[in-house]
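Please read it alongside the sequence and coordinates.

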Amino acid sequence: MNVKIEESWKKILQSEFKKDYFIKLTEFVKNEYKINQCFPQGKDIFAAFDFCPFNDVKVVIIGQDPYHGISQANGLCFSVNDGTPHPPSLNNIFRELLSDINKPVPISGDLSFWAKQGVLLLNATLTVRAHEAGSHQNQGWEQFTDAVIQQISDQKEQIVFLLWGGFAKRKGNRIDKLKHHILTSGHPSPLSANRGYWFGNKHFSQTNEYLKNIGKSVIEW
């Protein structure tokens, strides 16, 4: 199984690529991209890993599905391509950044500059059919991303995990809480944020405070 993914991740995950579920998943994804419009583009399916090599990971943010609208998904959770209007969740992330660290809301919603600094922007499911949220769930992606989180937890120390919403918190069951720093809050989606479960979590300043305290460079959010 020749998966086009950044080399350090390829070594870490090579046993996963040989498992039956991943071989079936690969066939499913290939067929879906052949007969349906799917996102992100094929070259961007593993963008989260390509932008953030294993040794560089300092922070992990866990999303759920890629965006399923035209020109939105770029392989990084919560991120959109340049020139694409900010989806509601991303708007609320930027609002919290403004409140927390006084960072002005950027024009671009592309978060690849976070990834290049060591923020793994990982969706639990890496592909989706256009306009059909959740359409590629329960096909194997969740098992794969569980394995990714497990490898990070087992092989690294003092990683900051930002778990936003119930789905991400459940994925957090694989994280060794004694080795890593876990911050939880509600999801940035309007439904959760407007109920008071997102705004004011100060996760961005808390992340940088922790990184600074352990001698790592902070993230330029």
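Lys202 is partly exposed, with a relative accessible area of 39%; buried means under 20% relative accessible area, exposed over 50% and partly exposed in between, with a 1.4 Å probe and protein chains only. Lys202 sits in the loop between α8 (190–193) and α9 (203–213), where helices (H or I, at least four residues) and strands (E, at least two) are DSSP runs numbered from the N terminus. Its phi is near 55°, a positive value in a residue other than glycine.

This is a predicted model, in which local features need pLDDT of at least 70 and side-chain atom pairs count only at pLDDT 80 or more, while totals for chains, interfaces and linings use all residues. Residues are numbered from 1 along each chain as its sequence is written, and side-chain values use heavy atoms, with hydrogens and water left out.

**Other backbone features**

- Gln158 also has a positive phi, near 55°, and is a residue other than glycine.
- Gln158 belongs to the loop between α6 (141–155) and β5 (160–164), and at a relative accessible area of 34% Gln158 is partly exposed.
- The peptide bond that leads from Phe39 to Pro40 is cis, with omega near -5°.
- Pro40 lies in the loop that joins β1 (38–39) and α3 (47–51).

**The sheet**

- An open sheet is formed by 4 strands in the order β3-β2-β5-β6, with parallel pairing; two strands pair if DSSP finds at least two bridges between them.
- The edge strands, each pairing on one side only, are β3 (119–123) and β6 (181–185).
- From one strand to the next, the twist averages 20°.
- β2 and β3 run parallel and are joined by 5 bridges, with Val60 opposite Leu120 in β3.
- The parallel pairing of β2 with β5 has 3 bridges, and Ile61 has Leu162 in β5 as its bridge partner.
- β5 pairs with β6 in the parallel sense over 5 bridges, and Phe161 is opposite Ile182 in β6.

**Burial of β2**

- In a regular strand, side chains alternate between the two faces of the sheet.
- Both faces of β2 are covered, with Val59, Ile61 and Gly63 buried on one side and Val60 and Ile62 buried on the other.
- Because 5 of the 5 residues of β2 are buried, the strand is largely enclosed by the rest of the structure.

- α6 lies across β2 (59–63), β3 and β5, and runs at about 155° to β3; axes are lines fitted to C-alpha atoms, for helices over the stretch in contact, and angles run from 0 to 180 degrees between N-to-C directions.
- Two packed helices are described by the angle between their axes and the distance between the axes.
- Helix α1 (residues 7–17) packs against α6 at an angle of about 130°, and their axes are 11 Å apart.
- α1 and α6 are therefore oblique to each other, given that angles under 35 degrees count as roughly parallel, over 145 as roughly antiparallel, 65 to 115 as roughly perpendicular and the rest as oblique.
- The crossing of α1 and α6 is right-handed; a crossing is left-handed if the near helix is turned anticlockwise from the far one by less than a right angle, and right-handed if clockwise.
- From α1, Trp9, Ile12, Leu13, Glu16 and Phe17 are in contact (heavy atoms within 4.5 Å) with Phe144, Ala147, Val148, Gln151, Ile152 and Gln155 of α6.
- The residues of this contact between α1 and α6 comprise 8 nonpolar, 2 polar and 1 charged; Ala, Val, Leu, Ile, Met, Phe, Trp, Tyr, Cys and Pro count as nonpolar, Asp, Glu, Lys and Arg as charged, and the others, Gly among them, as polar.

**Two loop residues**

- Thr84 is in the loop between β2 and α4 (88–101), and counts as buried at 10% relative accessibility.
- Not counting residues up to four places away in sequence, Thr84 touches Ser71 and Gln72.
- Gln117 is placed in the loop between α5 (112–115) and β3, and counts as partly exposed at 23% relative accessibility.
- Gln117 and Val57 are 60 residues apart along the chain, and their C-alpha atoms are separated by 8.1 Å.
- Apart from neighbours within four places in sequence, Gln117 is in contact with Lys58, Val218, Ile219 and Glu220.
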